[in-house]
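Here are some notes to read alongside the model, written for someone new to looking at protein structures. Please keep the sequence and the 3D view open while you go through the points.

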Amino acid sequence: MRDEAEQLAASEPFMASMAHSVVLHHPSLEAALSYRLAQKLSSPEMSPLLMREMADRAYAETPLMGCAGRADIRAVFERDPACHRMIQPLLYFKGFLAVQSYRLAHWHWTTGRRDMALFIQMRCSEVFGVDIHPGARIGQGIMIDHAHSIVIGETAVVGDDVSMLHSVTLGGTGKEGGDRHPKIGDGVLIGAGAKVLGNIRVGECSRIAAGSVVLKDVPPCKTVAGIPAKIVGDAGCDRPALSMDHGVRFGEAAKDIVPDC
């Protein structure tokens, strides 16, 4: 990433200061993330200096945050065909930055500083258009492509190596309290505009087709599609979230979804 920043500074002089301030001035990825998040999440109510001080503390006290950030960068680089350099997620991709903002908010939530966690959630929503409740539990190796209008509720759980596209909602079905949001297994691929609602489970390595509304549990390694979503076949591969294959090949289970022409 440092090599890429040096190349950027040399090839695009107008962006040299950005390459230095975001990457080259820092001794570690954690320090670079802390600086970047502070610049993005600060506001008239919260200065960049204060925000960075809190972020530095979070990364120092929770080494897993840095490990998760590295896994997230690799996930974006390996799965997004528009990502050609490791430096791009840190500089430009709001999906990656929103997930790192969530990780900072989650640290505050779990350490009892809930008002600060909610402030970071609010700023993440305002800046990136991504609304992830700091109480949600999200694994590592997460890729959110385009990342506009993502909503993830308070009691949602997202496993490792999950990929989702824009306008995905992991939400509730009403105003009930308690454990009310979806549990997404490892390796799941969630298509654009899909809504997964209620305290349901999506089994590992499953696929949710774009635009689907999922209201019931999904077994592992299956593809679901439709409103409401139904099983239309197997997932098609071992790790749909890694292959990013959104093509739905309807099987026998889809006869009641797609009528004969």
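1. Two strands are said to pair if DSSP finds at least two bridges between them. With that in mind, in this predicted model six strands form an open sheet in the order β3-β6-β9-β12-β14-β15, and the pairing within the sheet is mixed. Strands β3 (143–144) and β15 (230–234) stand at its edges, each with a single partner strand, so one side of each is left without a neighbour in the sheet.

2. Within this sheet you can look at one pair in detail: strand β9 (residues 189–190) and strand β12 (residues 207–208) pair in the parallel sense, over two bridges. Here L189 stands opposite R207 in β12.

3. In soluble globular proteins, nonpolar side chains tend to be buried together.

4. Turning to the helices, α3 (residues 29–41) has 13 residues and reaches 18 Å from its first C-alpha to its last, close to the 18 Å expected at 1.5 Å a residue. Helix α3 is mostly covered, with 11 of its 13 residues buried, including L29, Y35 and L41. What covers these buried residues includes α2 (16–24), α4 (48–61), α5 (63–79), α6 (87–92), α7 (94–110) and α8 (114–128).

Notes: Residues numbered from 1 in each chain as written. Predicted model: local features only at pLDDT ≥ 70, side-chain atom pairs only at ≥ 80, totals over all residues. Heavy atoms only, no water. Helix = DSSP H or I, 4+ residues; strand = E, 2+ residues; numbered from the N terminus. Expected span 1.5 Å × (residues − 1). Buried < 20%, exposed > 50% of the residue type's maximum accessible area, 1.4 Å probe, protein only. Contact = heavy atoms within 4.5 Å.
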